[in-house]
Amino acid sequence: LFVFGGCSAKGRLADLYEFDTTTGAWIDYGTAPNLRGRGGANLIALLPSKKLAVIAGFAGEETNDGAIFDLETKSWNSSLLVEELKDMRPRSVCVNGAFSGSAIVFGGEVDPSALGHEGAGGFANDVVVLDAATGHYVDTIPAASDDTDSWPETRGWSAAAATTTVDGKDCMYIFGGLSGDDSNPKRLNDLWQLTID
């Protein structure tokens, strides 16, 4: 189990910890060099390359940069993902799933609320495709329609799980989250399945 960053009494963090479920001990891998502390980042397992990618998050504003941690050498890459993610819309509090061919990021907050955690900012409902080996941006798939019966409405603060369907297809389940705006925040309790072709 890996945990990255977040907010503490000391401010926004950019540290990485591993919890060993066998021994019950925490391992501190230190802070990502040159990456601003942030909450709401995506921590994505880059399956083919045995690395973790920290993508986006809130560091005083929504971000579209990232960092790579190598699971084999137990070290941070010295260079950040900046150019490789520049075409991705900045965002935080998204959900993600990792698959053999791609990593997926869905939705998230793209415009922070003036009320902080007391309100609802501007949210997205697009699907961002990243390269599964490098974490580099590949494409953004916009919402197919405004019809919330066929595509999830905009949201952040959701929960998600990546798995396979009974017939062996990669998929990601997305549950709930926060939508709406500052004057009318809307808490969601819907469940969606995104199938990866």
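**A central strand and its surroundings**

Author: The protein contains zero helices and 14 strands. The model discussed here is a predicted one. Read along the sequence, its pattern is β-β-β-β-β-β-β-β-β-β-β-β-β-β. The radius of gyration is 17 Å, close to the 16 Å that the globule rule gives for 197 residues, so the protein is as compact as a globular protein of that length. Along the principal axes, the C-alpha trace spans about 45 × 45 × 35 Å. Of the 197 residues, 42% are buried.

The term buried applies here to residues with under 20% relative accessible area.

Strand S10 has pairing partners in S9 and S11. Strand S9, residues 102-111, is joined to S10 by eight bridges, and the two run antiparallel. Within this pairing, Gly108 has Ala124 of S10 as its bridge partner. Strand S11, residues 137-141, is likewise antiparallel to S10, with four bridges joining them. Here Leu130 stands opposite Tyr137 of S11. S10 and S11 form a hairpin with five residues between them. In the turn of that hairpin, Gly135 has a positive phi of about 80°.

The structure holds five aromatic pairs. One of them joins Tyr17 and Trp26 edge-to-face, with 6.3 Å from centre to centre and 85° between the planes. Tyr17 has a relative accessible area of 29% and is therefore partly exposed. In the pair of Phe69 and Trp76, the ring centres lie 5.2 Å apart and the planes stand at 70°, so this pair is edge-to-face; planes over 60 degrees apart count as such. Both Phe69 and Trp76 are buried.

Val3 lies in strand S1, residues 2-8. Val3 counts as partly exposed because its relative accessibility is 37%.

Methods: Residues numbered from 1 in each chain as written. Predicted model: local features only at pLDDT ≥ 70, side-chain atom pairs only at ≥ 80, totals over all residues. Heavy atoms only, no water. Pairing = 2+ DSSP bridges. Buried < 20%, exposed > 50% of the residue type's maximum accessible area, 1.4 Å probe, protein only. Phe/Tyr/Trp six-rings, centres within 6.5 Å; stacked < 30°, edge-to-face > 60°. Rg over C-alpha atoms; globule rule 2.2 N^0.38 Å.
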